[in-house]
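Thanks for coming, everyone. Please bring up the structure and keep it in view while I talk.

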Amino acid sequence: MTLSGKNALVTGSDQGIGQAIALEMAREGAGVVVNYRANREGAEETCSQIRQMGRKAAVIQADVGQVAESKRLVRESAAALNGLDILVNNAGIEKRAPFLEVTEEDYQALLDVNLTGPFFLSQSFAQFLKDAGRPGRIINISSVHEELPFPHFAPYCVSKGGLKMMMRDLAIELASCGITVNNIAPGAIETPINRHLMSDPKLLAPLLKNIPLGRIGQPEDVARVAAFLASSGADYITGATIVVDGGLLWNYSEQ
Ligand code: BGC
């Protein structure tokens, strides 16, 4: 086990990629705070699976889109597990809309959760580590759309592009505190965020044609990479994005 004795806070771990990361980190020995905004049942399910593995776990409700709640979340997480070593900024939302129809309200809600949340969670977490004199890991679940345009998802792309530069900047600023900062950029993963895709063969078929490895990713494909980035095997990695997309991002061919 590579994470024995470590504690992780995984935002949005009531479902999807966050849930898989929470479980994988626990499998590797970590104690885990399971965070959710609205899906208490999902969070309790993640938590009980972690406890069945014999690890420490706590469920903490917080809307990471609100800065005061992010700060409380870090404080309560550190108290619940008696220390924190790993922050996974996973919680995220997306909404399809043509650029000309994006409302200020939707734009703001998305940026709050996808970018402002990770920013201030990272700030509180780094402050906690600095005060405690311990090293740590920040892992952001970004997207291939931190690089790749995604028409009709402009605010989502803005948030993920921002997350990329946040990661690069913090990697440098926090290196002297022994904190590494990296992104994982998933491609199309089978999770609730793209339920619409999975249930519509007309949308799914062209997407699959774009994925050289020929399949949609599973949450566990991402979770294993997150556990690696949190482990000592990744000691010398900071400021990097690891793309987990079956080859989708750089796929180009002419028929
Ligand atoms: C989005 C999915 C999309 C995938 C590939 C992800 O970031 O959340 O909706 O299918 O990127 O485009």
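At what angle do α4 and α5 pack, and how far apart are their axes? The angle is about 10°, and the axes lie 9 Å apart. That makes α4 roughly parallel to α5.

A word on what we are looking at. This is a predicted model, where local features need pLDDT of at least 70, side-chain atom pairs count only at pLDDT 80 or more, and totals for chains, interfaces and linings use all residues. Residues are numbered from 1 along each chain as its sequence is written, and side-chain values use heavy atoms, with hydrogens and water left out.

Some terms, quickly. Helices (H or I, at least four residues) and strands (E, at least two) are DSSP runs, numbered from the N terminus. Axes are lines fitted to C-alpha atoms, for helices over the stretch in contact, and angles run from 0 to 180 degrees between N-to-C directions. Under 35 degrees counts as roughly parallel, over 145 as roughly antiparallel, 65 to 115 as roughly perpendicular, and the rest as oblique.

Back to α4 and α5. Their crossing is right-handed (the near helix is turned clockwise from the far one by less than a right angle). Which residues of α4 meet α5? From α4 they are Y107, L110, L111, N114, L115, P118, F119 and S122. Facing them in α5 are P155, Y156, V158, S159, K160, G162, L163, M166 and L170. By class, this contact has 12 nonpolar, four polar and one charged residues. Contact means heavy atoms within 4.5 Å. For the classes, Ala, Val, Leu, Ile, Met, Phe, Trp, Tyr, Cys and Pro are nonpolar, Asp, Glu, Lys and Arg are charged, and the others, Gly among them, are polar.

Next, helix α1, residues 16-27. The axes of α1 and α2 (residues 40-52) come within 9 Å and cross at roughly 15°. That makes α1 roughly parallel to α2. The crossing of α1 and α2 is right-handed. Q19, A22, L23 and A26 of α1 touch G42, E45, T46, Q49 and I50 of α2. That contact has four nonpolar, four polar and one charged residues.

Now α1 with α8, residues 219-230. Their axes come within 8 Å and cross at roughly 50°. α1 and α8 are therefore oblique to each other. The crossing of α1 and α8 is right-handed. On the α1 side, the contact residues include I17, A20 and I21; on the α8 side, they include V222, A223 and A226. The contact of α1 with α8 divides into 10 nonpolar, one polar and three charged residues.

Finally, the pockets. How much space lies in the largest pocket? About 1300 Å³. Its lining counts 50 residues, and E94, Y156, T191, I193 and N194 lie nearest its centre. Among the elements that each supply at least two lining residues are α1, α4 and α5. By class, the lining has 26 nonpolar, 18 polar and six charged residues.

The second largest pocket holds about 260 Å³. α4 gives the most to its lining, with six residues. F119, M166 and L170 are among the residues that line the second largest pocket. That lining divides into six nonpolar, three polar and three charged residues.

Note on methods: On a 1 Å grid over the protein atoms alone, a cavity is a set of points where a 1.4 Å probe fits but cannot get out, and a pocket is an open set with protein on both sides within 12 Å along at least five of seven lines; lining residues have an atom within 4 Å of a point. Grid points are joined across faces, edges and corners, and a volume is the space filled by probe spheres set on the points.
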